[in-house]
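Subject: Structure handover

Hello,

Here is the structure for your files, with notes on what turned up in it below. Please read them with the coordinates open.

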Amino acid sequence: MLKSVQSIYSVVWYQDKVRLVDQTRLPGEYNIVEISRWEDMAIAIKTMIVRGAPAIGVAAAYGLYLGAREIKTGKRSLFLAELEKVAQSLRETRPTAVNLFWAIARMLQIAYETMGDVPTIKEALLLTAQNIQAEDIATCEAIGKHGLSVLPTTPERLNIITHCNTGALATAGYGTALGVIREAWKSDRLARVYADETRPRLQGAKLTAWECFQEEIPVTLITDSMAAHCMQQGMIHAAIVGADRIAANGDTANKIGTYSLSVICKYHDIPFYVAAPLSTIDFELNDGSQIPIEERNPAEIYQIGETVICPEGIEYYNPAFDVTPAALITGIITEKGTVEPQNLVKLCY
Ligand code: MRU
């Protein structure tokens, strides 16, 4: 099952279908799921067969094209009305990662702006989904290069801690935070990645550790609660995480546990970077309190595998994301460069 992660693409358009790497089955099984109907794409996003903000955006773009393909009418106005319904259903799959909404908005804009008949609009939609995918790979590569230039300069190679999965699987390819880590590895600046396991879905253990292992990047798996201890022991030089949505003031929503990681970085004076494409910034939100936080099935926390781990009848709370205040973020690494969170808006001009 050894694969080069750089040749892994979470989403692939192949013979008129979308192929997804089933991220719920890794690392045990490397399975490809073929999707040809938009409803199945909505299920794949909701059930996290495909996950990670940029990958969700790409998947949703193809999902909208699949929906467009299924619409039978040749009348432009009816077609656009049906397409809006598909878009709305896709938007309802997951609430936090703004890339989902960004990709759907971009696709709809193309649908409205494309002149000509319905088949012409459908063609334009497929092309746009493919462009979103190709652009994301180029964006991640740029993030990797910009990130490399801000890593701390130390006499020894760096130990970098990360949270959740931000690699090839979470994007169209290469990765955001893991893209920076990959660049550091290629440039001989990296000693080791410390991968938080990332309770409850274990993206760190199942996906980040797997991606690093496939590429022979030295990786040590720790539970989330071990990060502070590792910092206290002087084992960590920097933290880099991804993002699901960044508000205009730099407050950043990412996988639950990211906020506590940023707090302990601050305490130990360790730089804490967020790596994300500009499509993850939501300038319509002033601050992080406005970011919708997904709550997931409590079964994710009350059982491990099939085994229930707590008394029956207790209450549960299972937020999938938290918001790291901008004040705890050293810099936001994007495809256009790295800025302090309060200077995000400068990137757009
Ligand atoms: O619930 P997930 O697995 O979709 O959450 C993913 C994350 O939180 C990632 O860190 C984020 O999407 C950035 S991926 C480049």
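The second largest pocket lies between domain 1 (5-139) and domain 2 (147-348), because both give residues to its lining. The domain bounds come from an automatic or database domain assignment. This is a predicted model, in which local features need pLDDT of at least 70 and side-chain atom pairs count only at pLDDT 80 or more, while totals for chains, interfaces and linings use all residues. Residues are numbered from 1 along each chain as its sequence is written, and side-chain values use heavy atoms, with hydrogens and water left out.

The second largest pocket holds about 180 Å³ of space. Its lining has 13 residues, and Trp102, Asp136, Thr139, Pro277 and Ser279 are the closest to the centre. A pocket here is an open set of points on a 1 Å grid over the protein atoms alone, with protein on both sides within 12 Å along at least five of seven lines; a cavity is a set of points where a 1.4 Å probe fits but cannot get out, and lining residues have an atom within 4 Å of a point. Grid points are joined across faces, edges and corners, and a volume is the space filled by probe spheres set on the points.

Helix H2 (53-70), helix H4 (98-113) and helix H5 (118-150) each supply at least two residues of this lining. The largest share, four residues, comes from H5. Helices (H or I, at least four residues) and strands (E, at least two) are DSSP runs, numbered from the N terminus. By type, the lining of the second largest pocket divides into six nonpolar, four polar and three charged residues. Ala, Val, Leu, Ile, Met, Phe, Trp, Tyr, Cys and Pro count as nonpolar, Asp, Glu, Lys and Arg as charged, and the others, Gly among them, as polar.

Next, the largest pocket. About 470 Å³ of space lies in it, and 18 residues line it, with Pro200, Arg201, Leu202, Lys206 and Glu300 nearest the centre. Helix H7 (203-214), helix H10 (299-302) and strand S12 (303-304) are the elements that give two or more residues to this lining. H7 provides the largest share, three residues. The lining of the largest pocket divides into six nonpolar, six polar and six charged residues. At least three of its residues are drawn from each of domain 1 (5-139) and domain 2 (147-348).

The largest cavity has a volume of about 190 Å³ and is lined by 24 residues, of which Arg51, Gly52, Ala53, Asn165 and Asp244 lie nearest its centre. H2 and S9 are the elements that give two or more residues to this lining, and H2 gives the most, with three. Eleven residues of the cavity lining are nonpolar, nine polar and four charged. Both domain 1 (5-139) and domain 2 (147-348) give residues to this lining, so the largest cavity lies between them.

Now the sheets. Two strands pair if DSSP finds at least two bridges between them. Four strands form an open sheet of mixed pairing, in the order S11-S8-S9-S14. Strand S11 (281-282) and strand S14 (321-324) are at the edges with a single partner strand each, so one side of each is left without a neighbour in the sheet. Strand S8 (residues 245-247) and strand S9 (residues 252-255) run antiparallel and are joined by two bridges; Arg245 stands opposite Ala253 in S9. Helix H9 (residues 258-268) lies across S9 and S14, at about 35° to S14. Contact means heavy atoms within 4.5 Å. Axes are lines fitted to C-alpha atoms, for helices over the stretch in contact, and angles run from 0 to 180 degrees between N-to-C directions.

Strand S1 (residues 11-14) and strand S2 (residues 17-21) run antiparallel with four bridges, and Val11 has Leu20 in S2 as its bridge partner. S1 and S2 form a hairpin with two residues between them, and Gln15 in the turn has a positive phi of about 50°. Four bridges also join S2 to strand S3 (residues 32-35), again antiparallel, with Leu20 opposite Val33 in S3.

Last, a helix pair. The axes of helix H3 (residues 76-91) and H5 come within 10 Å and cross at roughly 35°. Arg76, Phe79 and Leu83 of H3 meet Val118, Ile121, Lys122 and Leu125 of H5 in this contact. Five of the contact residues are nonpolar, none polar and two charged.

Regards
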